Amino acid sequence: MLIRTFCLAVFTLLFLGCSDDDTDSANPLLGAWQMTEQLVDPGDGSGEFRPVDTGRRLRFYEDGALESLGTLCFITTNDQAYALGNYNLAQRTIQPLGCENYDSGAVISFELDGNTLILNYPCIEPCAQKYVRE
């Protein structure tokens, strides 16, 4: 419990202590992103994005590193875990770290449209999360 609290505090300080200058770079992913919606299809194609109330956030760094307040190993709105990963802007992919024990620990693809980021998880049916730039 103490480790979780410590990680949450460190992650929060990272978000609060960083400037918005990250967005001036040629890399449009840099900076912080807040999750706003999630799509989970029930298997009949009727799934659609629905608003979520979560503290889930992502932060992208210049060196290709990614921090997440919430696991990247599978789709969830839970924001109680701290996770790391790497991203490739050219390939539009995210490789979560520490997901070797999960069947779904594969690469996550993403779409970027201005200040909207969509993560497409490797699910049998469509499943995705929508983030907006903070």
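Let me start with one definition: a residue is called buried under 20% relative accessible area, exposed over 50%, and partly exposed in between. By that rule R50, with a relative accessible area of 49%, is partly exposed. What you have on the screen is a predicted model, and everything I say is computed from it.

An overview to begin with. The chain has 134 residues, and buried residues make up 37% of them. Its secondary structure comes to one helix and nine strands. The order from the N terminus is α-β-β-β-β-β-β-β-β-β, with the helix α1 at 2-17. The accessible surface comes to about 7,600 Å², and carbon and sulfur atoms hold 53% of that. Taking the contacts with a separation of 6 or more, 46% are between residues 24 or more positions apart.

Most of my time goes to strand β9. Which residues does this strand cover? β9 is residues 127-133. Six of its seven residues are buried, so the strand is largely enclosed by the rest of the structure.

β9 has a pairing with β1 and another with β8. With β1 it runs antiparallel, and seven bridges join the two. With β8, residues 116-120, the pairing is also in the antiparallel sense, over five bridges. β8 and β9 make a hairpin, and six residues lie between them. In that pairing, N120 is opposite A128 of β9.

The bridge partner of E37 in β9 is K130. The side chains of this pair also deserve a look. E37 and K130 form a salt bridge, with the closest N and O atoms 4.0 Å apart. Are the two ends of the pair buried or partly exposed? E37 is partly exposed at 22%, whereas K130 counts as buried at 18%. The cut-off between those classes is 20%.

One more residue in β9: Q129. Its relative accessible area is 0%, which puts Q129 among the buried residues. What does Q129 touch beyond its neighbours within four places in sequence? Its contacts include M35, E37 and Q38, then F49 and R56, then I75, T76 and T77, and finally L117, I118, L119 and Y121. With Y121 there is a polar contact between the side chains, at 3.0 Å. P51 is 78 residues from Q129 in sequence, and their C-alpha atoms are 9.9 Å apart.

Now the remaining salt bridges. Side chains of opposite charge can pair when their charged atoms come close. How many salt bridges does the model have? The count is three, and E37 with K130 is one of them.

Another is E134 with R57, at 2.6 Å from N to O. This pair also links distant parts of the chain: E134 sits in the segment after β9, R57 is in strand β3, residues 57-60, and 77 residues separate them. E134 is partly exposed, at 42% relative accessibility. R57 is also partly exposed, with 25%.

That leaves E48 and R50, whose side chains meet at 3.7 Å, N to O.

Next, the loop between α1 and β1, where N27 lies. N27 counts as buried, at 10% relative accessibility. Its side chain reaches the backbone nitrogen of L29 at 2.9 Å. The side chain of N27 also makes a polar contact with the side chain of Y87, at 2.8 Å. Leaving out neighbours within four places in sequence, N27 is in contact with Y87 and L89.

Last, the surface. Which residues make the nonpolar patch? Y82, L84 and L97 make it, and its area is about 250 Å². Y82 is in strand β5, residues 82-88, and is partly exposed with a relative accessible area of 32%.

To recap β9: seven bridges join it to β1, five bridges pair it with β8, and the salt bridge from K130 goes to E37. That is all from me.

Conventions. Residues numbered from 1 in each chain as written. Predicted model: local features only at pLDDT ≥ 70, side-chain atom pairs only at ≥ 80, totals over all residues. Heavy atoms only, no water. Helix = DSSP H or I, 4+ residues; strand = E, 2+ residues; numbered from the N terminus. Buried < 20%, exposed > 50% of the residue type's maximum accessible area, 1.4 Å probe, protein only. Pairing = 2+ DSSP bridges. Patch = residues over 30% accessible without salt bridge, like charges linked within 9 Å, V, L, I, M, F, W, Y side chains within 5 Å. Areas by Shrake-Rupley, 256 points an atom, 1.4 Å probe, with all protein chains shown as cover. Contact = heavy atoms within 4.5 Å. Polar contact = N/O pair within 3.5 Å; in protein donor to acceptor, adjacent residues only side chain to side chain.
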